[in-house]
Amino acid sequence: AGRLEAAPLEGGEYRISNAGQLYWFAALVNGGEVSADAALTADITIDTDLPWAPIGLYTSGREYVAYAGTFDGAGHTIYGLTYDNTAYNGRNAAFIGTLDTNGTVMDLTIAEATINGATEIGGIVSHNYGTVSGCTISGSVTGTGATGGIVCRNMEGAVIRSCINEAVVNGATTGGIAAENNGDIINCTNSGIVTGTSSVGGIVGMNDGTVEDSLNTAAVTAANTHVGGVVGNHVGGEITGCGNLGAVTGASDYIGGVAGACVGAKLLECYNTGAVTGAEKSEAVGGVVGAIDGTNTAESAVTSCYNTGKVSGRSWVGGIAGVSGYQKTPMTVEVKNAYNTGSVSGTSKVGAVV
């Protein structure tokens with residue numbers, strides 16, 4: 001059983017205190033009131049059998065409502081949110097489907113959640129064009145495609161700040177905070193186990209943006225290539241002041257304590273203390289980065305980074321980088337002010353640094 005209940009409008013925002021009002025607010029936004037503001041006034045336990053429709057709904061015709069208001073959790077928690085859209089085109093499973101450039105979700109905890117879909121799956125937001133700040137999720141976030149604990153796709157200009165993922169996250173391209181990042185991720189923490197296929201990271205799966213001052217403490221595992229404690233595949237932008245404490249394991253190539261691969265991108269003041277382990281045939285395994293190279297137009301650099309974790313693989317295994325300059329592009333590849341104290345082992349091409 002369950003019913004919708006209109007939330008009272010006070011001071012220009014809807015005050016939400018129960019599940020009926022929460023579901024009513026989602027319907028209000030999806031019905032066209034895309035800039036409506038809301039604030040929780042109490043913790044909410046989902047006690048209705050009504051199916052959840054994300055605020056900012058995606059439709060099967062590839063049309064979507066983008067939420068452009070402010071949703072303020074005000075430090076409160078939503079317990080037991082369940083959303084399974086594998087039978088509904090499998091896309092945009094999240095608390096908020098699409099957050100517009102002017103949209104904000106802040107100071108919200110979603111606990112004991114079960115979010116399940118196919119592709120473009122996020123715990124708090126699926127597609128983020130706005131700002132997600134001070135949010136936490138626990139439970140499970142599962143997809144068969146791109147899947148992120150907080151956000152699936154963090155678009156250019158979008159920001160994820162001071163968020164925590166405690167949920168178990170499983171997908172293809174997968175990240176504890178975001179599956180894909182083209183914007184900014186700042187001061188975030190992942191403590192949920194992250195597993196995926198390729199481009200799997202404790203913070204971000206595929207990164208072409210900025211990741212700053214973020215920490216992963218959980219195990220990260222890829223069934224195929226490109227896995228890192230912070231970022232699985234770092235294809236542009238910068239990772240600065242980030243760390244990994246969790247075990248990083250890959251079944252194929254490009255395995256790194258901080259990044260699986262770094263191509264035309266920068267790693268600055270990052271560290272790894274977790275074990276970095278490749279499979280029997282794994283190549284390009286490194287304490288900080290599995291492989292580093294430039295592109296035809298962009299340099300790559302690992303600067304002021306260190307590793308203390310155990311590193312093991314088959315070949316091209318290094319305490320800092322497994323392999324450097326492997327594509328032999330014309331742009332510079334640089335490793336400086338870096339050190340390793342972890343053991344390094346492999347069958348061939350093994351180095352304490354590179």
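**Exercise 1. Determine which residues asparagine 190 touches, leaving out those up to four places away in sequence, and whether asparagine 190 is buried or exposed.**

*Solution.* The structure is a predicted model.

Step 1. Asparagine 190 belongs to strand β23, which spans residues 189–190.

Step 2. Once residues up to four places away in sequence are set aside, asparagine 190 touches Asn165, Gly176, Gly202, Ile203, Leu215, Asn216, Thr217 and Ala218.

Step 3. With Gly202 there is also a polar pair: a polar atom of the asparagine 190 side chain lies 3.4 Å from the backbone oxygen of glycine 202.

Step 4. The relative accessible area of asparagine 190 is 0%. Buried means under 20%, and asparagine 190 is therefore buried.

**Exercise 2. Describe the open sheet of nine strands and state why one side of β8 and of β46 is left without a neighbour in the sheet.**

*Solution.* 

Step 1. The strand order is β8-β12-β16-β21-β26-β31-β36-β41-β46, and the pairing is parallel.

Step 2. β8 and β46 (321–324) are at the edges and have a single partner strand each, so one side of each lacks a neighbour in the sheet.

Step 3. From one strand to the next, the twist averages 10°.

Step 4. As an example of a pair, β31 (residues 231–234) joins β36 in the parallel sense over three bridges. Histidine 234 has cysteine 262, in β36, as its bridge partner.

**Exercise 3. Identify which residues touch the most other members of the largest nonpolar core, and which elements supply at least two residues of this core.**

*Solution.* 

Step 1. This core has 68 residues, and those touching the most other members are Phe25, Ile55, Phe71, Phe95, Val105, Val132 and Leu267.

Step 2. At least two residues of the core come from each of β2 (13–16), α1 (19–30), β3 (38–40), β8 (96–99), β10 (109–116), β14 (136–142), β36 (259–263) and β41 (289–293). The most come from α1, which gives eight.

Step 3. Beyond its neighbours within four places in sequence, phenylalanine 25 is in contact with Tyr14, Ile16, Ala36, Asp37, Ala38, Ile55, Tyr67 and Phe71.

Step 4. Another core, of eleven residues, lies apart from the largest one; Val200, Val220, Val227 and Val285 are among its members.

**Exercise 4. State how many helices and strands the protein chain has, and why it counts as being as compact as a globular protein of its length.**

*Solution.* 

Step 1. The protein chain has one helix and 50 strands.

Step 2. Of the 354 residues, 55% count as buried.

Definitions and conventions:
Residues are numbered from 1 along each chain as its sequence is written. This is a predicted model: local features need pLDDT of at least 70, side-chain atom pairs count only at pLDDT 80 or more; totals for chains, interfaces and linings use all residues. Side-chain values use heavy atoms; hydrogens and water are left out. A nonpolar core is a set of buried Ala, Val, Leu, Ile, Met, Phe, Trp, Tyr and Cys residues joined through side-chain atoms within 4.5 Å. Buried means under 20% relative accessible area, exposed over 50%, partly exposed in between (1.4 Å probe, protein chains only). Helices (H or I, at least four residues) and strands (E, at least two) are DSSP runs, numbered from the N terminus. Contact means heavy atoms within 4.5 Å. A polar contact is a pair of N or O atoms within 3.5 Å; within protein, one must be able to donate a hydrogen and the other to accept it, and residues adjacent in sequence count only if both atoms are side-chain atoms. Two strands pair if DSSP finds at least two bridges between them. Axes are lines fitted to C-alpha atoms, for helices over the stretch in contact, and angles run from 0 to 180 degrees between N-to-C directions. The radius of gyration is taken over C-alpha atoms; the globule rule is 2.2 Å times the number of residues to the power 0.38.
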